[in-house]
Amino acid sequence: MGEGRDIQVTNDPPARRAPAATPPSEPPAGGTRWDPAGGLAALRGLLARPLASYYLLLSSAGLLLLIGLTMVFSATSVRDYVLDGNASASLTKQAVFAVIGVGAFWACQRLPARTFRAVSRPALGVAVALLLLLNLLVALQSLFGVTSIGPLKAQLLWLYLGPISLQPVEVAKFALVLWGAHVLARKGAALGWWRELATPLFPVVGLLFVLVGYNDLGSMLCLLALVVGLLWAAGVRGRVFASLSAIGLLGIGLLVAVASLGAGSGSRDADNYRLGRLTMWLDPPSPKTCFDQELENCYQLIQARYAIGNGGWFGVGLGQSSFKYGWLPEAHNDFIFAIVAEELGVVGCTVILVLFAVLAYTGMRIARRVEDPFRRLAAAGVTAWLVGQAVINIGGVTGLLPLTGVPLPFISDGGSALVVTLAAIGMLASFARAEPDAARALHARPPARWVRLVWAPLPPLPGRRRRPAPPPADRGSVPRSRQRRRDEQAAARGVRSDRTRAGSASERRR
């Protein structure tokens with residue numbers, strides 16, 4: 001069998017070879033490879049920072065404000081040059097209101113929540129008084145031809161006090177946010193009962209709807225979105241929303257019907273333009289039919305669609321719009337989104353939509369993170385108001401929703417709307433700094449004293465309780481007749497250990 005060999009058997013496991021080192025993946029020629037997972041991780045890391053909500057709010061609102069000033073100049077420069085010879089007249093006016101709005105933002109972000117709650121009732125009273133005055137002047141002008149009372153005069157949605165003009169509905173939006181959040185936060189868990197919602201929230205909201213919706217249906221829809229945001233953040237039951245939806249549809253139908261009596265147009269002889277806009281949206285005519293038959297309520301929509309289609313993907317260029325030469329009515333206000341689409345194209349429209357989406361996310365993030373119920377409700381109300389108004393405006397311009405005639409926040413030309421909007425953003429910024437993580441981070445590394453004096457003070461720390469009240473001052477020794485017996489001296493009720501009359505009379509009286 002050949003030569004024998006010694007074979008050794010062992011129980012040791014076989015030696016394992018070290019795994020061969022895998023060569024690192026080489027980046028493709030021309031650049032590095034982008035890892036989607038790493039990008040998402042970096043984004044989550046940025047959003048996890050304590051002051052992420054604050055900086056997201058500042059960046060989105062600031063960019064929208066800059067875009068708005070640019071587009072107002074682009075949409076009004078030709079008209080202003082033809083009328084006054086000054087192409088930057090509207091831009092100058094809007095820039096002045098922007099500076100006032102930034103001042104309102106600065107003031108509101110310095111205020112604590114208790115100040116907003118304290119001014120909620122006076123603000124609502126001022127808003128209701130301004131709306132009543134506006135409707136009174138409009139009624140006097142429509143019925144008796146009275147155009148003004150002293151320096152006061154009205155023009156549908158605007159109230160004029162000499163050279164100063166104001167839209168009372170903008171004040172009403174902010175006031176309703178403050179007052180509604182204050183009322184719902186005070187009621188707390190009692191909101192499950194109908195009577196708690198019926199008083200005093202529903203009567204006041206109904207009054208505002210009537211005062212605003214008679215002349216301005218679009219702003220009333222913005223108020224409706226605001227109220228829905230407040231009730232949703234308060235945790236109201238679904239059946240309440242169903243009932244409110246039915247009542248809201250009935251109310252909108254009535255407001256559409258009263259347009260035949262002159263609501264919204266100021267003239268009883270005018271056609272029901274609200275019903276005309278609704279039917280044009282449900283059954284839009286062809287452009288040829290609209291122009292040949294000179295149909296009302298379709299010219300503006302068709303011109304807006306032509307402007308959007310003319311822009312294409314990248315637009316015709318900033319300032320190069322042709323529809324702003326009088327072809328598109330209200331190109332600087334309600335239909336400014338069509339000018340954005342024509343000059344900046346789909347890319348520019350996408351940027352604006354993304355910024356509003358960031359604003360919506362930031363507002364809901366603030367509402368979810370703050371601990372105070374008032375801050376949570378007010379943040380949800382402001383977010384629903386601004387985002388809902390943007391949806392109504394963009395939907396009407398693009399034909400996705402019926403046309404209502406509300407301005408686009410931050411972008412459209414309008415002074416009072418811009419000032420109130422920036423004030424609401426300032427309140428959101430104050431709430432963003434009051435988030436628990438943000439407040440701890442600011443207190444851990446507080447900014448310089450001059451920064452706090454110029455910009456904003458430190459927010460209160462979360463979970464900070466008030467110090468217990470000191471014990472009352474000592475009023476002297478308690479009389480012996482009012483001292484309680486010690487436990488070993490106390491006798492059971494109804495049992496007397498010693499019935500003998502012992503001791504002096506004074507001791508027995510004790």
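**Exercise 1.** Which helix gives the most to the lining of the second largest cavity, and with how many residues?

*Solution.* Please keep in mind that this is a predicted model.
- Step 1: Start with the space itself, a cavity of about 60 Å³.
- Step 2: Find its lining, made up of Met280, Pro284, Pro285, Cys298, Leu301, Ile302 and Arg305.
- Step 3: Compare these with helix H13, which spans residues 299–311 and gives the most, three residues.
- Step 4: Sort the lining by type to find six nonpolar residues, no polar ones and one charged.

**Exercise 2.** Describe the largest cavity and say which helices each supply at least two residues of its lining.

*Solution.* 
- Step 1: There are three cavities of 30 Å³ or more in the model, and the largest holds about 80 Å³ of space.
- Step 2: Its lining consists of Leu131, Leu134, Asn135, Leu156, Leu157, Pro168, Val169, Leu211, Val212, Asn215 and Asp216.
- Step 3: Helices H5 (120–144), H6 (168–187) and H8 (201–213) each supply at least two of the lining residues.
- Step 4: H5 has the largest share, with three residues.
- Step 5: By type, the lining splits into eight nonpolar, two polar and one charged residue.

**Exercise 3.** Glu170 forms a salt bridge with Lys173. Is Glu170 buried or exposed?

*Solution.* 
- Step 1: Locate the pair in helix H6, where Glu170 and Lys173 sit three residues apart, about one turn of the helix.
- Step 2: Check the contact: the closest N and O atoms are 3.4 Å apart.
- Step 3: Buried means under 20% relative accessible area. Glu170 has 2%, so Glu170 counts as buried.
- Step 4: Lys173, with 1%, is buried too.

**Exercise 4.** How does the setting of two other salt bridges, Arg375 with Asp372 and Arg440 with Asp437, look by accessibility?

*Solution.* 
- Step 1: The model has six salt bridges. In one of them, Arg375 and Asp372 meet at 3.9 Å, N to O.
- Step 2: Arg375 is buried at 14%, whereas Asp372 is partly exposed at 21%.
- Step 3: Arg440 and Asp437 meet at 3.3 Å, N to O. They are separated by about one helical turn because they lie three residues apart in helix H17 (residues 436–444).
- Step 4: Arg440 is partly exposed at 44%, and Asp437 is partly exposed at 42%.

**Exercise 5.** Which residues form a nonpolar patch on the surface?

*Solution.* 
- Step 1: The patch is formed by Phe291, Tyr299, Tyr306, Tyr325 and Trp327, with about 540 Å² of accessible area together.
- Step 2: To place Trp327, look in the loop between H13 and helix H14 (336–369).

Note on methods:
Residues numbered from 1 in each chain as written. Predicted model: local features only at pLDDT ≥ 70, side-chain atom pairs only at ≥ 80, totals over all residues. Heavy atoms only, no water. 1 Å grid on protein atoms, 1.4 Å probe; cavity = no way out; pocket = protein on both sides within 12 Å on 5 of 7 lines; lining within 4 Å. Points joined across faces, edges and corners; volume = space filled by probe spheres on them. Helix = DSSP H or I, 4+ residues; strand = E, 2+ residues; numbered from the N terminus. Nonpolar A, V, L, I, M, F, W, Y, C, P; charged D, E, K, R; others polar. Patch = residues over 30% accessible without salt bridge, like charges linked within 9 Å, V, L, I, M, F, W, Y side chains within 5 Å. Areas by Shrake-Rupley, 256 points an atom, 1.4 Å probe, with all protein chains shown as cover. Salt bridge = Lys/Arg side-chain N within 4 Å of Asp/Glu carboxyl O. Buried < 20%, exposed > 50% of the residue type's maximum accessible area, 1.4 Å probe, protein only.
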